[in-house]
Amino acid sequence: MTNPALATLLRDASGRLDLLPYAAMLDLSFERVDGELQLVMPFADTLIGSPGRLHGGAISGLLELAGLLTVIAAQPEGEALPRVRPVTVTVDFMREGAPVETRAAASITKLGRRVVNVHASAWQGDRAKPITAAHINFVLDWPER
Amino acid sequence: MTSFAEQVAQFMGPFVGRVPHNKQLGLRFIAAADRWVELQLPFKPEFLVDPDHGVWASGPIITLMDTCVGMASMLARGAFEPHATLDLRTDYVRSPKAQATVTARGECYRMTRQIAFVRGLAHDGDPADPIAHVAGTFMFSASKLAGGWQ
């Protein structure tokens with residue numbers, strides 16, 4: 001991800017994420033809540049994986065984007081952005097995803113220049129009862145100087 | 001008399017692509033046997049998260065792999081019982097080729113009373129040169145509410 005428009009967008013209080021084709025498909029937007037970047041995935045019939053439940057793959061995709069965008073937002077302002085790609089993604093499914101709005105946020109465990117370790121979680125209504133969580137290791141590829 | 005794997009291939013195989021989120025992605029059934037399943041995900045521009053560099057989002061790959069190994073666990077179970085993913089780890093060993101059709105092959109290598117242990121790989125043409133490996137577990141009868149493949 002080297003799109004400076006995205007880094008600029010993420011400094012806003014809220015917005016849509018249509019710059020990312022996959023986020024556009026999931027109809028994602030973001031909101032800053034007390035400084036934290038939260039992703040919002042509205043319910044849609046197309047997210048269903050088994051009767052009455054969200055597909056775990058879509059929730060996993062939401063978690064990865066929460067991680068990815070948190071990593072982008074953590075990069076120093078005004079500098080070239082690295083390409084950010086996940087190398088390992090481990091997802092724990094704690095509760096079934098109900099057919100309602102899902103939110104996700106991520107925290108950076110270690111922000112390195114080449115590797116960023118991230119924990120992301122998704123919830124529906126009650127933040128204290130996450131439905132799904134992920135541990136993601138991202139590798140950053142910096143553009144040639 | 002047809003085997004459970006044959007029943008799955010005939011009836012549940014085509015059903016895989018009718019699950020709403022699988023349908024949105026365009027996932028399709030290829031083949032199945034007693035403990036393994038092969039599915040395919042033809043490329044769509046919506047799968048990218050970074051169009052400038054052709055970087056794929058994880059979501060479509062994880063949806064493909066979760067569906068694939070979940071179905072493999074059902075085959076190993078030999079019955080349409082409710083089950084839910086407990087965890088799934090994906091290792092991206094390399095990036096897929098631009099606009100590649102991704103093929104997933106998943107197997108259930110161990111079934112216990114409650115847990116199915118699964119593994120699988122995704123490739124973009126050559127199974128000997130995968131793009132991702134997965135390992136995970138599924139819980140059977142984790143919840144009476146779990147929809148599974150009923």
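**Exercise 1.** In this predicted model, find which residue stands opposite A:Val89, and describe the strands around that position.

*Solution.* Start with A:Val89, which stands opposite B:Thr90 in strand 5 of chain B. Next, look at the strands: strand 6 of chain A, residues 83-93, pairs with strand 5 of chain B. The pairing is antiparallel and runs over 5 bridges.

**Exercise 2.** Describe the contact between chain A and chain B by residue count, element and class.

*Solution.* Begin with the count: chain A gives 36 residues and chain B gives 35. On the side of chain B that touches chain A, the elements with two or more residues are helix 2 (20-25), strand 3 (48-50), helix 3 and strand 5 (83-92) of chain B. Strand 5 of chain B has the largest share of that side, with 9 residues. Then sort that side of chain B by class: 17 residues are nonpolar, 11 are polar and 7 are charged.

**Exercise 3.** List the elements of chain A in order, and decide how its radius of gyration compares with the globule rule.

*Solution.* Chain A holds 3 helices and 9 strands. Read from the N terminus, their order is α-β-α-β-β-β-β-α-β-β-β-β. The radius of gyration of chain A is 15 Å, close to the 15 Å given by the globule rule for 145 residues, so chain A is as compact as a globular protein of that length. Along the principal axes, the C-alpha atoms of chain A fill a box of roughly 50 × 25 × 25 Å. Finally, turn to contacts in chain A between residues at least 6 apart in sequence: 60% of them join residues at least 24 apart.

**Exercise 4.** Which residues touch the most other members of the largest nonpolar core, and what does A:Ala66 contact?

*Solution.* The core has 80 residues, and those touching the most other members are A:Leu62, A:Ala66, B:Leu64, B:Met65 and B:Ala72. Helix 3 of chain B, residues 58-77, supplies the largest share of this core, 11 residues. Now take A:Ala66 and set aside its neighbours within four places in sequence: its contacts are A:Leu39, A:Ala104, A:Ala105, A:Ala106 and A:Ala120.

How values were computed: Residues are numbered from 1 along each chain as its sequence is written. Chains are lettered from A and ligands numbered from 1 in the order in which they are written. This is a predicted model: local features need pLDDT of at least 70, side-chain atom pairs count only at pLDDT 80 or more; totals for chains, interfaces and linings use all residues. Helices (H or I, at least four residues) and strands (E, at least two) are DSSP runs, numbered from the N terminus. The radius of gyration is taken over C-alpha atoms; the globule rule is 2.2 Å times the number of residues to the power 0.38. Two residues are in contact if their C-beta atoms, placed from the backbone, lie within 7 Å. A nonpolar core is a set of buried Ala, Val, Leu, Ile, Met, Phe, Trp, Tyr and Cys residues joined through C-beta atoms within 7 Å. A residue is buried if 20 or more other C-beta atoms lie within 10 Å of its own, exposed if 12 or fewer, and partly exposed in between; C-beta atoms are placed from the backbone. Ala, Val, Leu, Ile, Met, Phe, Trp, Tyr, Cys and Pro count as nonpolar, Asp, Glu, Lys and Arg as charged, and the others, Gly among them, as polar. Two strands pair if DSSP finds at least two bridges between them.
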